[in-house]
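This report looks at strand pairing and ring contacts. Please view the model alongside the text.

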Amino acid sequence: MRLLAVVAAITSGCGATGEGGPSYRTSPVERRDVVRTIEASGVLVAAEPSVVGADVEGRLVAIEVRPGDRVAEGQRLARLAAPDLAFEAAALDAAYRAAVAQRERAGASLTAARAELGRLRRLAERERASPAEVEQAEAGAKSAAAGARAAASEVAAAKARLARARQRANATEVVAPGPGVVLTVPGALGAVVGPGRPPLFELAQSLDALALEVDVDEADVGAVAVGQTARFAVPAHPARSFSARVDGVGLAARRVGGLSVYRVRLLADNEDGALRVGMTTDVRFEVARTEDALAVRDAALRFSPEGAGVAPPRSRVFVLRAGRLAEIRIRLGVEDGVYSAVVPEEGHRLEPGELVVVGRRLGALQSSQLELGGGG
């Protein structure tokens, strides 16, 4: 029905310049709002996503949440089986105990060496021990002291290694780093997980706001700026229109289907929960608007009869006045792809309701009936 109305609007002014003369398709000049928009498609994603992986290597044995679950900070999401870590902790615990025992033996040796040195010094005072015996005892005490210090250092190192091993052994639980909503979970149990492997969970801090990631053609991206508003629709709610705000415009192009596109990120409120992560969107950016403007159909800007001469593209229209064509020079304003806002140049007149020519009727004869200039 809309197509029929458009056709009727364009052809309702058809007329002839005279018997046997050419007949034109016309459209009336209108006063209307003209809005330029850019259309693009994209997908809804979490506004503040985070991924959670396993801190240690092991095998996934339990998944304790489902997509859509709300979790608290520190809540367990999954459990791993990591027997190698338990064996490592047990071995390091034995090594630590051995280091402690060695430290005790070194301490006992130091105590004995110091006691022997004291005894020989007292005997030397009574000339019952030689200076050589005292020197040998002093060397023994120094050696025992060095051994005690080395043993104490080894105990400290063994304790640190054991603490790290126990921490790894206890890291067989995957927990939420903060409060949020679970978006994705592992596909199946039994997978080997760990550092350097794909994350296990994706969380969103909140779903009260979502982001749109939209690819905008390079020819249009120059008109998109941070802070602009846009409207979008999703297939799940065909009768609704949602609002979003541009949050960022990408600087690097990507090739998609042979075209260069730029990623634009928008933010949308989702307090009622109608929108979901992963929904596809059709987005319309409003990049320019003029209200109550003098407007003509875009086809009128492309029409040029024979004998009209050369003019810059889209700088004139032709109106039918008293059965003759009159050239009207114009300055172009906002365009929406169907209508264009126009302003007549000085000395030219264009009124609402006048018929501008948008084309020639099929089979029409050529004619030189043409008036150049503003036509009064």
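## Terms and basis

Buried means under 20% relative accessible area, exposed over 50%, and partly exposed in between, with a 1.4 Å probe and protein chains only. By that cut-off, Phe232 and Phe242 are both buried.

The model is predicted: local features need pLDDT of at least 70, side-chain atom pairs count only at pLDDT 80 or more, and totals for chains, interfaces and linings use all residues. Residues are numbered from 1 along each chain as its sequence is written, and side-chain values use heavy atoms, with hydrogens and water left out.

## Open sheet

Strands are DSSP runs (E, at least two residues), numbered from the N terminus. Two of them pair if DSSP finds at least two bridges between them.

Four strands make an open, antiparallel sheet, ordered β8-β7-β5-β10. β8 (173–175) and β10 (192–193) each have a single partner strand, so one side of each lacks a neighbour in the sheet. Inside the order, β5 (residues 58–63) and β7 (residues 76–81) pair over four bridges. Ile63 has Ala78 in β7 as its bridge partner.

## Aromatic pairs

There are three aromatic pairs (Phe, Tyr or Trp six-membered ring centres within 6.5 Å; planes under 30 degrees apart are stacked, over 60 edge-to-face, the rest tilted). Tyr24 and Phe303 have ring centres 6.0 Å apart and planes at 80 degrees, so this pair is edge-to-face. Tyr24 lies in β2 (residues 23–28) and Phe303 in the loop between β16 (280–297) and β17 (316–321), so the pair ties together parts 279 residues apart in sequence. Both residues are buried.

Phe232 and Phe242 are stacked, 5.4 Å centre to centre with 25 degrees between the planes. Ring pairs also link Tyr24, Phe303 and Phe318 into a cluster.
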